[in-house]
Amino acid sequence: MRDFGQITIVGAGPAGLACAIVLARSGARVVVREWKDRVGHRFHDDFQGLENWSAETDVLDELTRAGIASDFDHHPIDRGTVFDPAGRRHDVRGGRPLFYLLRRGSGEGTLDRALLAQALAAGVEVRFGDRVRAFDGAGILAAGPREAGVIAAGHIFDTDMRDGAWLALGHKVAPGGYAYLLVQGGRGTVASCMFTGFRDQARHVESAEGFFRAQAGLEMRNPRAFGGYGAYRWPRSATQGGHPVIGEHAGFQDALAGFGMRHAIRSGVLAAECLLDGGDYTARWQSELGPSLKAGIVNRWMFGLGGEFGMRLACRRLARGDAGDVLRRAYDLTTFRRLMLPLARRRYRKMLADPSCSHTDCDCVWCRHGDHGDHGVEEGKIILGGTT
Ligand SMILES: Cc1cc2nc3c(=O)[nH]c(=O)nc-3n(C[C@H](O)[C@H](O)[C@H](O)COP(=O)(O)OP(=O)(O)OC[C@H]3O[C@@H](n4cnc5c(N)ncnc54)[C@H](O)[C@@H]3O)c2cc1C
């Protein structure tokens with residue numbers, strides 16, 4: 001391994017911490033610099049799904065191979081219920097877990113706390129309350145989303161409901177996206193995940209919760225509001241000032257549904273491996289993450305084009321066979337998707353900003369929780385030179 005001296009990682013999200021763990025285990029001197037005073041500050045102990053469909057390898061095996069332990073609370077989910085825009089119910093099932101349910105935030109048992117503990121045990125120094133504006137030497141940028149292309153808002157709550165996973169499609173419950181209800185062990189998360197219509201966020205959350213109350217028996221005790229945002233785009237190189245950019249900072253996120261954790265961790269591991277073995281990070285992420293990212297961009301474009309008719313078809317297809325296989329095939333970069341990609345990319349060339357929201361006098365998550373351009377590192381300094 002080349003001696004880089006100290007390697008700086010900006011951001012202690014899943015991407016930065018996964019990267020730090022791999023580097024430190026190989027003997028590198030790693031410092032993770034985190035702006036906030038804790039890990040997982042963007043999250044609220046809400047349930048998220050670590051998807052298990054975009055590759056043949058089970059995602060937990062993928063983590064093990066990278067030397068990352070799955071020692072966070074997690075539950076395999078191999079079935080669920082999907083409602084189409086007409087409210088029709090479709091039961092879906094996978095031959096293996098469709099995703100692993102886990103919690104995000106700063107609390108015990110969350111993914112974020114588990115990765116932090118592994119990083120510390122590997123000898124990584126983590127500096128909290130350290131907002132990076134510039135740094136010298138070798139480094140990796142993992143500072144999370146810098147725009148809101150998708151927002152999710154809803155409630156976390158306690159409940160006596162049975163465990164389960166429910167998803168609802170349709171403009172009323174989630175414009176351009178989907179609403180979800182996840183319940184496990186007496187805790188629940190319900191949210192509307194919107195790709196547009198941010199300005200009417202409160203109305204969509206109300207519709208989504210009303211829908212699940214009627215169709216899935218949603219019962220909330222002690223509900224706590226939460227919200228967050230994410231960004232997806234296709235970067236040319238995912239480097240800035242010669243430094244690899246990983247996770248959502250690079251725009252790595254499934255454009256169809258906003259699943260970003262697996263891409264975050266994979267890109268973190270890839271960047272670490274490239275630093276260690278002198279590999280070409282741009283070539284590696286483009287060949288290993290590129291196909292499913294591209295398929296996601298085409299899927300998002302087609303999801304918009306297909307409208308409610310397309311959503312009904314998609315629900316039927318998911319329920320017909322092994323939903324995991326259907327989803328896996330949906331992320332294959334087939335000849336058709338390759339051909340459609342230029343059209344889809346034209347639509348998503350720039351980072352998305354919701355055209356329906358002026359971000360003035362609105363109650364959208366981006367405005368309430370975002371930092372309006374204050375989220376990254378300072379303009380003009382090496383880190384915010386613009387990811388290519
Ligand atoms: C409500 C919600 C639900 C979601 N659900 C799912 C899901 O079910 N499945 C899924 O796969 N994905 C989901 N996602 C997306 C997923 O959470 C993200 O893709 C993932 O957390 C990205 O990880 P990251 O490490 O790239 O960035 P982050 O987790 O955002 O971490 C970046 C870190 O960098 C820090 N930072 C920023 N700027 C600086 C600076 N200048 N100096 C120092 N530190 C800095 C931030 O404070 C932050 O801690 C969801 C997102 C939201 C908001």
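**Entry 1: helix α1**

Which elements do the buried residues of α1 pack against? I looked this up and found β1 (6–10), β2 (29–33), α3 (111–121), β9 (139–141) and α5. Contact here means that two C-beta atoms, placed from the backbone, lie within 7 Å. Buried means that 20 or more other C-beta atoms lie within 10 Å of a residue's own, exposed means 12 or fewer, and partly exposed is in between, with C-beta atoms placed from the backbone. Helices (H or I, at least four residues) and strands (E, at least two) are DSSP runs, numbered from the N terminus.

I note that this is a predicted model: local features need pLDDT of at least 70, side-chain atom pairs count only at pLDDT 80 or more, and totals for chains, interfaces and linings use all residues. Residues are numbered from 1 along each chain as its sequence is written.

I checked the burial of α1 and found 12 of its 12 residues buried, so the helix is largely enclosed by the rest of the structure. Among them are Pro14, Leu17, Cys19, Ile21, Leu23 and Arg25. I also checked its length. The expected span is 1.5 Å times one less than the number of residues. For the 12 residues of α1 that should give 16 Å, and the end C-alpha atoms are 16 Å apart, which agrees. Gly27 follows α1 and has a positive phi, near 100°.

**Entry 2: β3 and its sheet**

I followed β3 into its sheet. It belongs to an open sheet of 3 strands in the order β3-β7-β4, with antiparallel pairing. β3 and β4 (74–77) stand at the edges with a single partner strand each, so one side of each has no neighbour in the sheet. The twist averages 35° from one strand to the next. Strands count as paired if DSSP finds at least two bridges between them. Between β3 and β7 (residues 99–104) I found 6 bridges. In β7, Arg104 is the bridge partner of Asp46, and Arg103 is that of Phe47.

Are the faces of β3 covered or uncovered? Both are covered: Asp46, Gln48 and Leu50 on one side and Phe47, Gly49 and Glu51 on the other are all buried. In a regular strand the side chains alternate between the two faces of the sheet.

**Entry 3: the 7-strand sheet**

I traced an open sheet of 7 strands with mixed pairing, in the order β6-β5-β11-β12-β13-β10-β14. β6 (89–93) and β14 are its edges, each with a single partner strand, so one side of each is left without a neighbour in the sheet. Neighbouring strands are turned by 20° against each other on average, direction ignored. Axes are lines fitted to C-alpha atoms, for helices over the stretch in contact, and angles run from 0 to 180 degrees between N-to-C directions.

Within the sheet, β11 (residues 164–169) and β12 (residues 178–184) pair antiparallel over 6 bridges. Leu167 stands opposite Tyr180 in β12. Helix α4 (residues 201–216) packs on the sheet and touches β5 (79–83), β10 (150–158), β11, β12 and β13 (187–194); its direction makes about 130° with that of β13.

**Entry 4: backbone angles**

I looked for positive phi outside glycine. Asn222 has a phi near 55° and lies in β14. Asn222 counts as exposed, because it has 9 C-beta neighbours inside 10 Å. Ala238 also has a positive phi, about 55°, and lies in the loop between β14 and β15 (239–240). Ala238 is buried, with 26 other C-beta atoms within 10 Å.

**Entry 5: whole chain**

I recorded the totals last. The protein chain has 10 helices and 16 strands, and 53% of its 388 residues count as buried.
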